[in-house]
Amino acid sequence: MDWLTTVAPEVYAVLFFVALFAGFIDSIAGGGGLLTIPALLSVGITPVEALATNKLQALGGSFSSTLYFVRRKTIDLREQIFPFIMTMIGSMLGAIVIQLIDTAFLKQLLPALVICVGLYFLLTPSIGAQDRQQRISMPFFGVAIGMTLGFYDGVFGPGTGSFLALGYVLLLGYNLAKATAHAKLLNFASNFGSLVFFIIGGHVLWVLGLVMLIGQMAGARLGARLVLTKGQKLIRPMIVVISLLMSIKLLHDSHGDVIKAWFLSLF
């Protein structure tokens with residue numbers, strides 16, 4: 001792209017720090033894509049290139065935080081092999097389908113889903129404070145949650161980390177810190193799976209994506225450390241706040257003109 005040869009160095013610097021902050025937020029509560037995708041679009045690349053490049057940089061963040069959790073023995077990799085594989089398969093299917101269908105319906109539905117997640121965490125202060133009884137088997141979780149949310153992440157993406165963490169808490173009985181750690185493992189699977197097809201399609205901007213990947217890795221490491229040291233006391237309010245901000249952003253993107261007109265009509 002001619003764009004790559006003419007972009008100012010400060011643009012790379014800004015996107016690096018956007019990715020760093022997004023990686024920090026994403027490793028705790030999810031939603032980092034709502035920062036990085038608009039930032040990528042703002043520099044003049046196409047939506048497909050933005051989604052593809054975002055998957056590359058997000059891969060760095062999810063890998064960094066997952067590696068941190070694995071080294072501290074928060075994640076049992078052997079137990080998670082099946083959900084990991086199912087999530088990756090789901091994301092690959094999603095990356096294929098995104099090129100074939102109109103995802104406008106997801107943009108309409110997603111704000112309501114994100115609001116529900118935020119309200120659930122807000123109204124249940126004890127959620128994820130400690131491990132509870134497992135409700136479904138790991139293989140069923142892999143298909144019902146891993147594959148489904150992997151597919152969603154390949155197609156659209158925002159809020160995947162929060163949905164995965166909630167699934168681990170409600171269905172497998174994990175405490176919130178443990179659930180957040182495992183959510184990043186499956187996030188890594190979905191990022192990797194969908195990125196493969198974006199690479200095959202030739203849509204990834206490698207220089208820009210790698211600059212942001214470095215920022216993501218640094219931010220994610222900082223966030224992952226706080227997940228284990230602060231636990232539920234940090235993660236729960238962060239998810240509530242991020243869910244609220246995500247909902248506002250998504251509603252603005254989908255219905256901004258209508259909301260503005262309604263607001264002006266009040267005065």
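Residues are numbered from 1 along each chain as its sequence is written, and side-chain values use heavy atoms, with hydrogens and water left out. Because the model is predicted, local features need pLDDT of at least 70 and side-chain atom pairs count only at pLDDT 80 or more, while totals for chains, interfaces and linings use all residues.

A nonpolar core is a set of buried Ala, Val, Leu, Ile, Met, Phe, Trp, Tyr and Cys residues joined through side-chain atoms within 4.5 Å. Buried means under 20% relative accessible area, exposed over 50%, and partly exposed in between (1.4 Å probe, protein chains only). The largest nonpolar core has 48 residues, and F69, F84, F141, Y168, L172 and I235 touch the most other members. Two or more residues each come from α2 (9-29), α4 (47-71), α5 (81-97), α7 (138-155), α8 (160-172), α9 (176-200), α10 (206-230) and α11 (232-265). Helices are DSSP runs (H or I, at least four residues), numbered from the N terminus. With 11 residues, α9 gives the most to this core. Another core lies apart from the largest one and has 11 residues, including A19, L40, I45 and L208.

Contact means heavy atoms within 4.5 Å. Leaving aside residues up to four places away in sequence, F141 touches P83, I136, G146, G167, Y168, L171, L172 and L186.

The whole structure holds 8 aromatic pairs. Rings of Phe, Tyr and Trp (its six-membered ring) pair if their centres lie within 6.5 Å; planes under 30 degrees apart count as stacked, over 60 as edge-to-face and the rest as tilted. The pair of F16 and F17 is edge-to-face, because the ring centres are 5.2 Å apart and the planes lie at 85°. F16 is partly exposed at 21% relative accessibility, whereas F17 is exposed at 53%. The pair of F188 and F192 is tilted, with centres 6.4 Å apart and planes at 35°. These two residues are 4 residues apart in helix α9, so about one helical turn separates F188 and F192. F188 is buried at 18%, and F192 is partly exposed at 38%. Ring pairs also link F188 and F192 with F63 and F84 into a cluster.

The axes of α2 and α9 are 8 Å apart, at an angle of about 120°. Axes are lines fitted to C-alpha atoms, for helices over the stretch in contact, and angles run from 0 to 180 degrees between N-to-C directions. α2 is therefore oblique to α9, since angles under 35 degrees count as roughly parallel, over 145 as roughly antiparallel, 65 to 115 as roughly perpendicular and the rest as oblique. D26, S27 and I28 of α2 meet T180, K184 and N187 of α9 in this contact.
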